[in-house]
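The sequence and the structure come first.

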Amino acid sequence: MEQILDQLIKSKQVLLVSHINPDGDAIGAMLGLGLALETMKKKVQFFNQSPLPAVYQFLPSIHRIKRDPGDIKTYDTAIVLDCSDLQRIGDFSEAVSKIPSVINIDHHVTNTRFGNYQLIDAKASATAEIVYKLISKMEIQITMAMAYSIYTGIMADTGSFRFSNTTPEAFRISHEMVLAGADPHTVAHHVYETISLNRIKLLTMLFDTIELSEDGAFSIMTLTQNMLSASGTEIADLNGLINYAKRIENVKVAALLYERRNGKKPGHTGSHYHVSLRSDGSVNVSNIAASFGGGGHISAAGFEVYATLPELKKRLFSLSIGLR
Ligand SMILES: [Mn+2]
């Protein structure tokens, strides 16, 4: 932490970046830290390659996040947030690795410790929590905009203070952020009570694809490129969709089969799918993912596969035998 503080004090031009398809923590941690650095008169640039989910558009300063990092040579410091490895930032990982000081701030157990400096805390509920601790050390007055960013990051990654990473520390920091001006109702209203008509249309199509294994323990949901174009939704709107399949009564494992853009090969009948797996904790889905060449954790894993849809479903359902 001390080394990182020294480096931040020395820095002049800072690029802040987080993972593609960002969630509330990736966005909140980045904005919170960047706004703090600006009070220290640092030049900061926010960068994320993906379109940002509409539900986070209420965050002060979110409009400052650009989809292009600009001229890489101008930065002396890069801060990479909420990324277990540098490739998670997307197409610019190679370019960003050339910035003289790369600071890696994250809370994933699987962090590869890339970069020149690391601030990794796997016990932190969110990267935003680590950012808060860094800002406190810098003795910066937390503004309302910073408070909203950090609060939103913690709220998003704890599933609104429901997941197992909901610690006293997560509440303590959130409490402080609320005192500093973040209004919980405003955040909840935007994140949970605002839904675009296009997303409703997508959900209708998606729910229609849900299939259950004979014993009811395994659910499969399918998302194709045709459904995205027919509903007018962007990939940025996909976060958390798999949870609908997981919440079904008696389901232990849920799979979301997502057909990749340009996933078809000429002359082949199949398509390229990303398969996300979630379990209720009673089944280790990382084993299932590993059998397909993927990986992950006990209750969340994934893999890439090229197959036809009926073929893929058959393989997955055959694995589900004996779940109950
Ligand atoms: Mn996170």
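A salt bridge is taken here as a side-chain nitrogen of Lys or Arg within 4 Å of a carboxyl oxygen of Asp or Glu. By this rule the chain has 10 salt bridges. The model is a predicted one: local features need pLDDT of at least 70, side-chain atom pairs count only at pLDDT 80 or more, and totals for chains, interfaces and linings use all residues. Residues are numbered from 1 along each chain as its sequence is written, and side-chain values use heavy atoms, with hydrogens and water left out.

**Salt bridges**

| R64 | E38 | 2.6 Å |

Helices (H or I, at least four residues) and strands (E, at least two) are DSSP runs, numbered from the N terminus. For accessibility, buried means under 20% relative accessible area, exposed over 50%, and partly exposed in between (1.4 Å probe, protein chains only). R64 is partly exposed at 27%, and E38 is partly exposed at 28%. In the pair of K98 and E94, K98 counts as exposed at 58%, and E94 counts as exposed at 53%.

K133 lies in helix α4 (residues 127-137) and E169 in helix α6, so the pair ties together parts that are 36 residues apart in sequence. K133 is partly exposed, with a relative accessible area of 26%, and E169 is partly exposed, with 25%. Both belong to a network of salt bridges that links E129, K133, E169, R172 and E176.

**Metal site**

Which residues coordinate the manganese ion? D25 (OD), D82 (OD), H107 (NE2) and D157 (OD) do, at 2.2 to 2.4 Å. Donors are N, O and S atoms within 2.8 Å of the metal (3.2 Å for Na, K and Ca); water is not among the atoms, so sites may look incomplete. Along the chain the donors of the manganese ion follow the spacing D-x56-D-x24-H-x49-D. D25 in helix α2 (residues 24-39) and D82 in the loop between β4 (77-81) and α3 (93-96) are 57 residues apart, a pair that links distant parts of the chain. D25 is buried at 0% relative accessibility, and D82 is buried at 2%.

D82 also has a positive phi of about 65 degrees although it is not a glycine. S61 has a positive phi too, of about 80 degrees, and is not a glycine either. S61 is found in the loop between β2 (43-47) and β3 (65-66) and is buried, with a relative accessible area of 14%. Most residues other than glycine have a negative phi.

**Domains and cores**

The domain assignment, which is automatic or from a database, gives domain 1 (2-192) and domain 2 (197-319). Their centres, taken over C-alpha atoms, are 29 Å apart.

A nonpolar core is a set of buried Ala, Val, Leu, Ile, Met, Phe, Trp, Tyr and Cys residues joined through side-chain atoms within 4.5 Å. The largest core has 53 residues, of which L33 and I79 touch the most other members. Its largest share, 9 residues, comes from α5. Contact means heavy atoms within 4.5 Å. Leaving aside neighbours within four places in sequence, I79 is in contact with residues including L8, V17, L33 and I105. Another core, of 20 residues, lies apart from it, with I220, A255, L312 and L316 among its members.

V275, in strand β10 (residues 271-279), is buried at 0%. Beyond four places in sequence, V275 is in contact with residues including A255, L312 and L316. V102 lies in strand β5 (residues 101-106) and is buried at 3%. Among the contacts of V102 beyond four places in sequence are A78, V80, F114 and Y117.
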